[in-house]
Amino acid sequence: MITIKSEEEIALMRESCRIARDTLDYVGKNIRAGMTTKEVDELVYKYITSCGAVPSELGYEGYPASSCVSVNEVVVHGIPSDRVILDGDIVSVDIVAEKNGFHGDAARTYLIGNVSEEKRKLVKVTEECFFKAIEGLQAGVPLYNIGNAVQTHAEANGYGVVRALTGHGIGRSMHEDPAVPNYGKRGTGMRLRAGMTICIEPMINMGTFKVCMKNSDGWTVVTADGKPAAHYENTVLIKEDGVEILTL
Ligand code: MF3
Ligand code: CO
């Protein structure tokens, strides 16, 4: 179901999204080589709960942690573990904070220490994909223009756009309609409406767009070719005359 948020609901979304953003800023200041991904998750849990919010991912469909921490070839949904973060890694951290019944969802990919030029470019282009996607975005724009913008920029740089996972609406539920793919044909899809809140989240692979699920845990999504992937996500409010990025 697609929900259109009232002004009161938007105010609550802003609050949850601000907490999500601040949590990722806090992670960015503290993440470093030598830490395990579980230690990153502890930072997330500590920060979100200190804001009087709840980490929405914890227990979601049985998910065992407060964050997804995805290193290098892990695209998304990396379960925090004893994996040690190494110098030169790229680490995406995806979190959702819930307060007053509303969720705010965001992800960043952090550069750890001395990262290769190749990986730095992947992370930069993935962020650029998000900003290309919100260019000209406002009520009345066809939904798949978002994916088209992401796909065009990523593929122009020789990267693979993950198809198996998409962005999504968000509000009282972490995942609402519509699905927001990172690929698509310009001018198609439903027209966006003011008051929709959606997560735009490019997941971009250095090599093939194909991904595999690790059977061992049922969550971890890795690139099929083992090459690195990056992820960048913000929760965005659609307005009559533009967008408001709620998690920046
Ligand atoms: N934050 C993710 C998203 O963007 C959801 C992660 S799945 C979970 O949709 F199990 F970790 F919650
Ligand atoms: Co999301």
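**View 1. Lining of the largest pocket in a predicted model.** The lining of the largest pocket divides into nine nonpolar, five polar and six charged residues. Here Ala, Val, Leu, Ile, Met, Phe, Trp, Tyr, Cys and Pro count as nonpolar, Asp, Glu, Lys and Arg as charged, and the others, Gly among them, as polar. The space in this pocket is about 340 Å³. Of its 20 lining residues, Tyr 60, His 77, Asp 94, Met 174 and His 175 are the closest to the centre. On a 1 Å grid over the protein atoms alone, a pocket is an open set of points with protein on both sides within 12 Å along at least five of seven lines, a cavity is a set where a 1.4 Å probe fits but cannot get out, and lining residues have an atom within 4 Å of a point. Grid points are joined across faces, edges and corners, and a volume is the space filled by probe spheres set on the points.

The model is predicted: local features need pLDDT of at least 70, side-chain atom pairs count only at pLDDT 80 or more, and totals for chains, interfaces and linings use all residues. Residues are numbered from 1 along each chain as its sequence is written, chains are lettered from A and ligands numbered from 1 in the order in which they are written, and side-chain values use heavy atoms, with hydrogens and water left out.

**View 2. Ligand 1 in the largest pocket.** Ligand 1 sits in the largest pocket (more than half of its atoms lie within 2 Å of the grid points). Of the 14 residues around ligand 1 (a heavy atom within 4 Å), Glu 57, Asp 94, Asp 105, His 175 and Glu 201 come nearest. This shell has six nonpolar, three polar and five charged residues.

View 3. A polar contact with the ligand is a pair of N or O atoms within 3.5 Å. An oxygen atom of ligand 1 lies 2.7 Å from a side-chain N or O atom of His 175. For Asp 105, the distance from a side-chain N or O atom to an oxygen atom of the ligand is 3.0 Å. A nitrogen atom of ligand 1 is 2.9 Å from a polar side-chain atom of Asp 94. Taken alone, ligand 1 exposes 330 Å², of which the protein buries 96% (Shrake-Rupley method, 1.4 Å probe).

**View 4. Backbone at His 77.** His 77 is in the loop between strand 3 (74–76) and strand 4 (90–99); strands are DSSP runs (E, at least two residues), numbered from the N terminus. Its phi is positive, about 60°, although His 77 is not a glycine.

**View 5. Cis peptide bond in the cavity lining.** Asp 177 and Pro 178 are joined by a cis peptide bond, with omega about 0°. Both residues are among those that line the largest cavity, which has a volume of about 30 Å³. Strand 8 gives the most to this lining, with three residues.

Definitions and conventions. A polar contact is a pair of N or O atoms within 3.5 Å; within protein, one must be able to donate a hydrogen and the other to accept it, and residues adjacent in sequence count only if both atoms are side-chain atoms. Helices (H or I, at least four residues) and strands (E, at least two) are DSSP runs, numbered from the N terminus.
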